[in-house]
Amino acid sequence: MVEQLGVTVEKLVLTHGHLDHVGGTVEMSESLKVDIIGPHKADNFWLQGLEGQSQMFGWPLTEAFEPTEWLNEGDVVTFGNESLSVYHTPGHTPGHVCLFNEDAKVAFVGDVLFNGSIGRTDFPQGDHATLINSIKTKLWPLGNDVKFVPGHGPESTFGRERVSNPYVADEMPLY
């Protein structure tokens, strides 16, 4: 796809350490000769457990790895002329991060928030209250007009989710 689109990949950025988001990362990194950036170090246990996870779920063997660089709250990831601010958003996983481009008003939220739903918290070290807090204290202040790209499913805006998402709505109209 990279060749087909004619793009230059500068780095691979991970929002969290779950297998369905990081499987194939090492192979891509080696093939493209680029660094792996993120997630937050609190997800290291997920990355170190990839071999067992891949075997348990019948996926191709995915070996453990560590990224070139861990991400922390307040870091900025740059590529080309763009920059993404890093927000540590635990709850789905303890080391989950979201990335925000202020100029484009777009956030890449991994599995923290979905169109009409939120990320699961029943995996090891997931925590529902922490996830809700991450959404309401880290994402909502970015603005209702911010479009977000989730790790699964269709895009939405923070404003739309604030009025319609049954898990995190705080501006639902009263009838």
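**Entry 1: ground rules.** I number residues from 1 along each chain as its sequence is written, and side-chain values use heavy atoms, with hydrogens and water left out. Because the model is predicted, local features need pLDDT of at least 70 and side-chain atom pairs count only at pLDDT 80 or more, while totals for chains, interfaces and linings use all residues.

**Entry 2: largest pocket.** I looked up the pockets on a 1 Å grid over the protein atoms alone; a pocket is an open set of points where a 1.4 Å probe fits, with protein on both sides within 12 Å along at least five of seven lines. Grid points are joined across faces, edges and corners, and a volume is the space filled by probe spheres set on the points. The largest pocket holds about 780 Å³ of space. I count a residue as lining if it has an atom within 4 Å of a point. The lining here has 24 residues, and Lys11, Leu12, Val13, Leu14 and Leu99 lie nearest the centre. Two or more lining residues come from each of strand E1 (11-13), helix H2 (19-22), helix H3 (25-32), strand E3 (76-79), strand E6 (106-110) and strand E9 (147-150). Helices (H or I, at least four residues) and strands (E, at least two) are DSSP runs, numbered from the N terminus. By class, I noted 15 nonpolar, 7 polar and 2 charged residues in this lining. Ala, Val, Leu, Ile, Met, Phe, Trp, Tyr, Cys and Pro count as nonpolar, Asp, Glu, Lys and Arg as charged, and the others, Gly among them, as polar.

**Entry 3: second largest pocket.** I found about 330 Å³ of space in the second largest pocket. Its lining has 18 residues, with His18, Asp20, Gln53, Phe57 and Phe123 nearest the centre.

Entry 4: I then followed E3 to strand E4 (residues 82-88); the two run antiparallel and are joined by 4 bridges. Strands pair if DSSP finds at least two bridges between them. Phe79 has Glu82 in E4 as its bridge partner. The hairpin has 2 residues between its strands, and Gly80 in the turn has a positive phi of about 55°.

**Entry 5: Val168.** I located Val168 in the segment after helix H7 (158-164). Val168 has a relative accessible area of 1%, so I list it as buried (under 20%; exposed is over 50%, partly exposed in between; 1.4 Å probe, protein chains only). Leaving out residues up to four places away in sequence, Val168 touches Leu113, Ile118, Ile132, Ile135, Lys136 and Trp140 (contact means heavy atoms within 4.5 Å). Ile135 is 33 residues away along the chain, with 7.8 Å between the C-alpha atoms.

**Entry 6: salt bridges.** My search of the whole structure gave 5 salt bridges (a side-chain nitrogen of Lys or Arg within 4 Å of a carboxyl oxygen of Asp or Glu). One of them joins Glu73 and Lys138 at 3.0 Å, N to O. Glu73 lies in the loop between H5 and E3 and Lys138 in helix H6 (residues 128-139), so this pair ties together parts that are 65 residues apart in sequence. Glu73 is partly exposed at 41%, and Lys138 is partly exposed at 23%. Another joins Arg162 to Asp170, with the closest N and O atoms 2.9 Å apart. Arg162 is buried at 14%, whereas Asp170 is partly exposed at 37%.
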